[in-house]
Amino acid sequence: MALYLTIDQGNSEAKMALWEDTRLVGFRMEPVLSPARVDAFIGEHRAIDGAIYCSVAREDVALVCHLRHICPHTLRLGPETPIPLKVAYNTPQTLGADRIAAAVGAWADHKGHPILVVDAGTAVTYDLVDADGTYAGGNIAPGISMNLRALHEFTARLPLVPFPSPMQALAAELFGRDTRGAIARGAVDAVRGAIEFYRRRLPEDTVTVLGGGCGHHLASVLDFPVHVDDHLVSKGLNRILIYNEP
């Protein structure tokens, strides 16, 4: 059974995952990655058979070199990397690696259906995979925490409101009754409303998949069925790595 390492370097943290073929066997989040932290995560496991790295931030050249040292079959996900989806995007060279990995991760579990893929983290991406396995495009917007920070930093008097958890408490009333409540509801409803907006305009058999750190929170305030995948991007990276096995 092959052992694979996936690394997703996001805007605010990195996610490392170990897979035995397609089964997740280890996961860790790190605020900062280094070769030493990768080695510590791998630990006593046997040799890695394959590794893949993607980043939405600056590429860590030293880290990629270290991965290639410990595992010759190492990929850096980029526009030229073969993937198990067709891509109908006018500028594939600007398509975020995390977005395409999330799309592949959703397609792995829901083949044959249109899929609305929502990856809700620092930013929120809304992407569509057609039933025939074509990445059809998507949109990008600020995430909930980014909205909360922006309202505080770009106004004179609005306070910085913490991330609202649990979100179900916001669903009891449509409008806030104080400024903090109004800000929290506005930030959440901006994302919730977008998900509902896109879902209403897609075919009836569309599957909605939520990933990212806010996936479970958002699922609790949506009024239609969704699938939450805590490891959506990592799963997609693993499937891309397997797709590129020699």
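A salt bridge here is a side-chain nitrogen of Lys or Arg within 4 Å of a carboxyl oxygen of Asp or Glu, and buried means under 20% relative accessible area with a 1.4 Å probe and protein chains only. The model is predicted, with local features needing pLDDT of at least 70 and side-chain atom pairs pLDDT 80 or more, while totals for chains, interfaces and linings use all residues. Residues are numbered from 1 along each chain, and side-chain values use heavy atoms, without hydrogens and water.

Arg-199, found in helix α5 (residues 179–200), is buried yet has no salt bridge, the nearest side chain of opposite charge being that of Asp-205 at 6.8 Å. A polar atom of the Arg-199 side chain does, however, lie 3.2 Å from the backbone oxygen of Pro-203. Leaving aside residues up to four places away in sequence, Arg-199 touches Leu-116, Glu-204, Thr-206, Thr-208 and Phe-224, where contact means heavy atoms within 4.5 Å.

On a 1 Å grid over the protein atoms alone, a cavity is a set of points where a 1.4 Å probe fits but cannot get out, whereas a pocket is an open set with protein on both sides within 12 Å along at least five of seven lines; lining residues have an atom within 4 Å of a point.

| Space | Volume | Largest share of lining |
|---|---|---|
| Largest pocket | about 650 Å³ | α4, three residues |
| Largest cavity | about 50 Å³ | α7 (residues 232–243), three residues |

Of the 30 residues that line the largest pocket, Lys-15, Ala-120, Gly-121, Thr-122 and Gly-212 are the closest to its centre. The lining of the largest cavity includes Lys-15 and Gly-212, along with Asp-8 and Asp-119.

How values were computed. Helix = DSSP H or I, 4+ residues; strand = E, 2+ residues; numbered from the N terminus. Buried < 20%, exposed > 50% of the residue type's maximum accessible area, 1.4 Å probe, protein only. Lys, Arg positive; Asp, Glu negative; His and termini not counted. Polar contact = N/O pair within 3.5 Å; in protein donor to acceptor, adjacent residues only side chain to side chain. Points joined across faces, edges and corners; volume = space filled by probe spheres on them.
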